[in-house]
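Student: Could we go through this structure together? I would like to begin with one residue and then move on to the whole chain.

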Amino acid sequence: MLVAFPVALAFCTFGTDALYLWTGDAFWARAAIWAAGAAFLIGLLAGLVGTVELLMVPGIRLRAASWTHFVIAMTLLSILGLNWGYRLHSGADEAVLPYGLLISALAMGMTALTGWHGGKLVFEYQVGSSKPSG
């Protein structure tokens, strides 16, 4: 369940960037900092739990798809951290264009790719389900 929050917040960061561009209201730029920060921090927690699961459960670490998901998820976590750090360093309004929006779009794409690989583990290999993975 930890994964849902960073996923939603990564998309929210892009959405708040778009709303800032549309309205010009600085509230949305400040909201993007909060969304990016929460995505990164909750993502760290989710990544820690996922790493422990990967390393401790033999059935998971035997699958190449698990390691692919792990690498992509850690890349996503790095992008989320970059997004938050860039916004903190640059300031709310100045961070949106062009790099904040681009980093947010990259984070959305990586989130989709990571989610697809995670879904593949659950639905194709039944990792994390009560059915034995085969």
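**From one residue to the whole chain**

Tutor: Let us begin with alanine 35, which is buried, with a relative accessible area of 8%. Please keep in mind that this is a predicted model.

Student: Why does alanine 35 count as buried?

Tutor: Buried means under 20% relative accessible area. Alanine 35 has 8%, so alanine 35 falls under that cut-off.

Student: Okay, and where is the place of alanine 35?

Tutor: Alanine 35 lies in helix H2, which covers residues 26-56.

Student: What does alanine 35 touch, not counting residues up to four places away in sequence?

Tutor: With those neighbours left out, alanine 35 touches Leu9, Cys12 and Thr13.

Student: And how far apart in space are alanine 35 and phenylalanine 5?

Tutor: Their C-alpha atoms are 10.0 Å apart, while in sequence the two are 30 residues apart.

Student: New topic: asparagine 83. Is asparagine 83 buried or exposed?

Tutor: Asparagine 83 counts as buried, at 2% relative accessibility. Its place is in helix H4, residues 64-90.

Student: Which residues does asparagine 83 touch, again not counting those up to four places away in sequence?

Tutor: Asparagine 83 touches Thr13, Ala36, Gly100, Ile103 and Ser104. Thr13 is also among the residues that alanine 35 touches.

Student: What about asparagine 83 and glycine 59, how far apart are they?

Tutor: They are 24 residues apart in sequence, and from C-alpha to C-alpha the distance is 34 Å.

Student: Let's zoom out. How many helices and strands does the chain have?

Tutor: There are five helices and zero strands. Along the sequence, the pattern reads α-α-α-α-α.

Student: What span does helix H5 have between its end C-alpha atoms?

Tutor: Helix H5, residues 92-123, spans only 40 Å, whereas a straight helix of 32 residues would span 46 Å. H5 also has a kink of about 60°, centred on proline 98.

Student: And what box do the C-alpha atoms of the chain fill?

Tutor: Taken along the principal axes, the box is roughly 55 × 20 × 20 Å.

Student: How much of the chain counts as buried?

Tutor: Of its 134 residues, 36% count as buried. The chain exposes about 7600 Å², and carbon and sulfur atoms supply 75% of that area.

Student: Last one: how far apart are the mean positions of the positive and negative charges?

Tutor: The mean positions of the 6 positive and 6 negative charges are 17 Å apart.

Technical notes: Residues are numbered from 1 along each chain as its sequence is written. This is a predicted model: local features need pLDDT of at least 70, side-chain atom pairs count only at pLDDT 80 or more; totals for chains, interfaces and linings use all residues. Side-chain values use heavy atoms; hydrogens and water are left out. Helices (H or I, at least four residues) and strands (E, at least two) are DSSP runs, numbered from the N terminus. Buried means under 20% relative accessible area, exposed over 50%, partly exposed in between (1.4 Å probe, protein chains only). Contact means heavy atoms within 4.5 Å. The expected span of a helix is 1.5 Å times one less than its number of residues. The bend at a residue is the angle between axes fitted to the seven residues ending there and the seven starting there. Accessible areas come from the Shrake-Rupley method with a 1.4 Å probe; for residues, only the protein chains shown count as cover. Lys and Arg count as positive and Asp and Glu as negative; His and the chain ends are not counted. The place of a charge is taken as NZ of Lys, CZ of Arg, CG of Asp or CD of Glu.
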